[in-house]
Amino acid sequence: MLGPDAVLVTDEQGKIVDIIHKEAGGENIQQLTGILSPGFINCHCHLELSHMKGRVPENTGLVDFVFKVVNERHLPEEKIAAAITEAENEMLANGIVGVGDICNNLSTLPQKQLQRIAYYNFIEVSGWLPAVAEKRWEKSLELYQAFHNIQNLQFTIQNSLVPHAPYSVSDNLWKLMRPLFSGKTISIHNQETIFEDDLFLSGTGDFNRMYRMMQMDTSFFTPTGKSSLQSYIEKLDLAQNVVLVHNTFMREEDVVAVSRQSSVVSQSCYYCLCVNANRYIENAFPPIEMFRKHHAEMVIGTDSLASNWHLSILDELKTISGSLPHIPLNELLQWATHNGAKALQMNERLGSFEKGKTPGVLLIEHLENGIIGEGTMVKRLL
């Protein structure tokens, strides 16, 4: 934190020109009540699902949530496009300047070409049945190329091919995508439900019901006898950054395994908290104190409007602070800004107040004794 005596100097476009002491600022300093923050980074979003707001009931559990999304996500293109525009407007109003966005189709591409927010597009690869691996891979490559061809002058558009989740990617698909992880940020949905570990440890749990509902023959699958994360983490060894998303039912031995992997391959791993989505789907809360105990680098995501009431990083921080009010404000803001920018490889321009960056400038108002409370608000200044 810069402290109360620092003055932020920007140009009209919001580029940081200098940071000076208030005594050197002269008489034209604009003084505001609250805290100035760089723009927020939303490390996990599904913008393409914005049209599903309110269509999935709360607390269904992950299996029924996934099944409902897969079967009810199809609406007329114009309605989907209008919902995407509205959702991006909401993110802008809520101070979000960078987004890690999951992509399974091209529906968000026209909006992203407007260059209003910096995006890291995670082109999601999925296919649990080995027989469909080649077909799914070809489709994902086509989608990746379409996003790669975006002509964007203001922002550097970044893209990577990423596994959806360990329970939806066959070994065949892992082998196809793994060489393309090099130098990229790779995102994966991790241990969002307790049944994920059950599947890999013993082949039991509610995912078997999901496979039956989707009419999948899973006789090919042999449990690894290890947790979900420890069954796949070594396959991410070539990535520059790894973003583990949700982590709601992660155990301490898995955090240790991540630390070991990161050390061996010189990799940065980030734990993405989507606490409001966790409560919406599973009515659960991730083990944040365990992550802090191991000095894990945390970032914040909103997930989609299918699984959340709003696309607001401040709302996520409110939920965390409401349950864990002892976490310092500067730590929460670091998760929401600097850590997120590093995770998405956007830290050359976003995430902190430094000369030459254009990170956005937010005013956080109505803190309650220095803590984010229900009445806390964010206003975008630049």
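Trainee: Why is Phe200 called buried?
Mentor: Buried means under 20% relative accessible area, exposed means over 50%, and partly exposed is in between, with a 1.4 Å probe and protein chains only. Phe200 has a relative accessible area of 6%, so Phe200 is buried. Before we go on, keep in mind that this is a predicted model, where local features need pLDDT of at least 70, side-chain atom pairs count only at pLDDT 80 or more, and totals for chains, interfaces and linings use all residues. Residues are numbered from 1 along each chain as its sequence is written, and side-chain values use heavy atoms, with hydrogens and water left out.

Trainee: What makes Phe200 and Phe221 an edge-to-face pair?
Mentor: Rings of Phe, Tyr and Trp (its six-membered ring) pair if their centres lie within 6.5 Å; planes under 30 degrees apart count as stacked, over 60 as edge-to-face and the rest as tilted. The ring centres of Phe200 and Phe221 are 5.6 Å apart and the planes stand at 85°, so this pair is edge-to-face. Phe200 sits in helix H6 (residues 194-202) and Phe221 in the loop between H7 and helix H8 (228-232), so the pair ties together parts that are 21 residues apart in sequence.

Trainee: How many aromatic pairs does the structure hold?
Mentor: There are ten. One of them joins Trp128 and Tyr211, with 5.5 Å centre to centre and 10° between the planes, and this pair is stacked. Trp128 is in the loop between strand S6 (118-125) and helix H4 (133-148), while Tyr211 is in helix H7 (residues 207-213), 83 residues apart, and the pair thus links distant parts of the chain. Both Trp128 and Tyr211 are buried.

Trainee: Which residues form one aromatic cluster?
Mentor: Trp128, Phe200, Tyr211, Phe220 and Phe221 do.

Trainee: You keep saying helix and strand. How many does the chain have?
Mentor: The chain has 14 helices and 13 strands. Helices (H or I, at least four residues) and strands (E, at least two) are DSSP runs, numbered from the N terminus.

Trainee: Why is the chain called as compact as a globular protein of its length?
Mentor: The radius of gyration is taken over C-alpha atoms, and the globule rule is 2.2 Å times the number of residues to the power 0.38. For 382 residues that rule gives 21 Å, and the radius of gyration of the chain is 21 Å, so the chain is as compact as a globular protein of that length. Along its principal axes, the C-alpha trace spans about 75 × 45 × 40 Å. Of the 382 residues, 52% count as buried.

Trainee: How do you know that Thr302 is buried?
Mentor: Thr302 has 0% relative accessibility, so Thr302 counts as buried. Its place is in the loop between strand S11 (297-300) and helix H12 (313-323). Contact means heavy atoms within 4.5 Å. Leaving aside neighbours within four places in sequence, Thr302 is in contact with residues including Asn42, His44, Cys45, Cys274 and Glu316.

Trainee: Is Ile84 buried or exposed?
Mentor: The relative accessible area of Ile84 is 1%, so Ile84 is buried. Ile84 lies in helix H2 (residues 77-93). Leaving aside neighbours within four places in sequence, its contacts are Leu47, Glu48, Ser50, Ser107, Thr108 and Gln111.

Trainee: What about Asn283, buried or exposed?
Mentor: Asn283 has a relative accessible area of 56%, so Asn283 is exposed. This residue lies in the loop between helix H10 (275-281) and helix H11 (288-293).

Trainee: Which loop holds Gln191?
Mentor: Gln191 is in the loop between S8 and H6. Gln191 also has a positive phi, about 45°, although it is not a glycine. At a relative accessible area of 1%, Gln191 is buried.
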